[in-house]
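Hello,

Here is the structure we talked about. Please open it and keep it beside this email as you read.

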2 protein chains.
Amino acid sequence: MAPMGSPGETVRAAARRGPGRPADDGADRRQAILDAAREQFAAKGYDAASVRGIAREAGVDPALVHHYFGSKEKVFVAAMQLPFVPAERLPAVLEGDPAGMAERLARMFLGLWAQPDFRTPMLGLVRSAFTGEQGATMLREFVGTALLGRVAQALGGIDPLRVQVAAAQMVGVVILRYVVRLEPLASAPDDDVVALITPTLRRYLTGDDEPSKA
Amino acid sequence: MAPMGSPGETVRAAARRGPGRPADDGADRRQAILDAAREQFAAKGYDAASVRGIAREAGVDPALVHHYFGSKEKVFVAAMQLPFVPAERLPAVLEGDPAGMAERLARMFLGLWAQPDFRTPMLGLVRSAFTGEQGATMLREFVGTALLGRVAQALGGIDPLRVQVAAAQMVGVVILRYVVRLEPLASAPDDDVVALITPTLRRYLTGDDEPSKA
């Protein structure tokens, strides 16, 4: 394993641990990484934060961050207590039969939001975007890079505006369904909502009927 | 003019005015109505609050509420400092040529949100829905009754779910455009967004291509 951080950083990490606790306590170092990650993502946003910077802030070696979490995306997901690693879920949606992609996307999105364990932390992240610039920056960059960037890449050469307007359809549905709680949308079965929005997503993402320019 | 409220209510209104201020001061009574309205809408929601209840709480005659504001909707708009009275703006969108309604709706919605004087209080209302049940109830009922109810009525017999999914498309666009500030959506000209979402709204609102049931 690579050498630990500079002496100054080691002292900081020790100070964070407090007296009398072993320096190599795994749970302790994992927590120090998560604390440092929250600070770095809030201060720099998702894109500019790095595993190296988070490791430096936590007073540990970057290899330890990779060992515990695997990637910047997974550090973010753990630090924000999100129940969803896009890199693990999106391939099944994006790599299957292209004709069914819009429906798979709608179904995965609504299925995740139907779970309180998913919804609660995600609503927290959206709320943070309303209440402060830092939250908006984190959400913008995480959604842009880890979610929509992958969708755009899978669709090759698509106008990113189309991907974002498709995302807007899904975001609007969950806001009205779970935050505003408009009826009948709040109680409608997933299948009914999927049936309504799938043609919309398909049009945006595959352009199978181009919008007429005004 | 109808008689003023009960003696007890008059005392409460006088207490609110404080000592030494004239009982018939117009600006004072207008403010008492707005304060009472905020209390009533927060406590009861938009639908259950009434001009009569607001007048009672403010210690004034209901006729005075009508005199200053004209309708419950306008009391709400004034109390929440919203820059938009749906009853005044929607007819032009809903009563014109039906074929162009979806585009007029998209254009009015985006045009209003482009104005900071409109956007700031509206974002405050949406934020209140994220942070408390009272805010969600007020927003749900106001949007449901004063906005979407009128759209559904103009379209006669339409499934309210379709109106709400159309609203979700527009709500999602303004959340990603003005709160999350995703690029290129945040900087895209209104015309480009209108061109993309108009066919979506038309499909939901006029059903001109029925979604296939899964």
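In this predicted model, 48 residues of chain A are in contact with 48 residues of chain B (contact means heavy atoms within 4.5 Å). The two chains bury about 4200 Å² between them. That is the accessible area (1.4 Å probe) that two parts lose on being put together, summed over both. Carbon and sulfur atoms give 69% of it. Phe130(A), Leu161(A) and Leu196(A) supply 18% of the area that chain A buries against chain B, more than any other three residues.

Which helix of chain A gives the most to the side that touches chain B? α10(A) does, with 14 residues. By class, that side of chain A has 30 nonpolar, seven polar and 11 charged residues. Ala, Val, Leu, Ile, Met, Phe, Trp, Tyr, Cys and Pro count as nonpolar, Asp, Glu, Lys and Arg as charged, and the others, Gly among them, as polar.

Of its 214 residues, 51% are buried, meaning under 20% relative accessible area (1.4 Å probe, protein chains only).

Some notes on reading this. Residues are numbered from 1 along each chain as its sequence is written, and chains are lettered from A in the order in which they are written. Local features need pLDDT of at least 70, side-chain atom pairs count only at pLDDT 80 or more, totals for chains, interfaces and linings use all residues, and side-chain values use heavy atoms, without hydrogens and water.

Best wishes

Note on methods. Helix = DSSP H or I, 4+ residues; strand = E, 2+ residues; numbered from the N terminus. Buried < 20%, exposed > 50% of the residue type's maximum accessible area, 1.4 Å probe, protein only.
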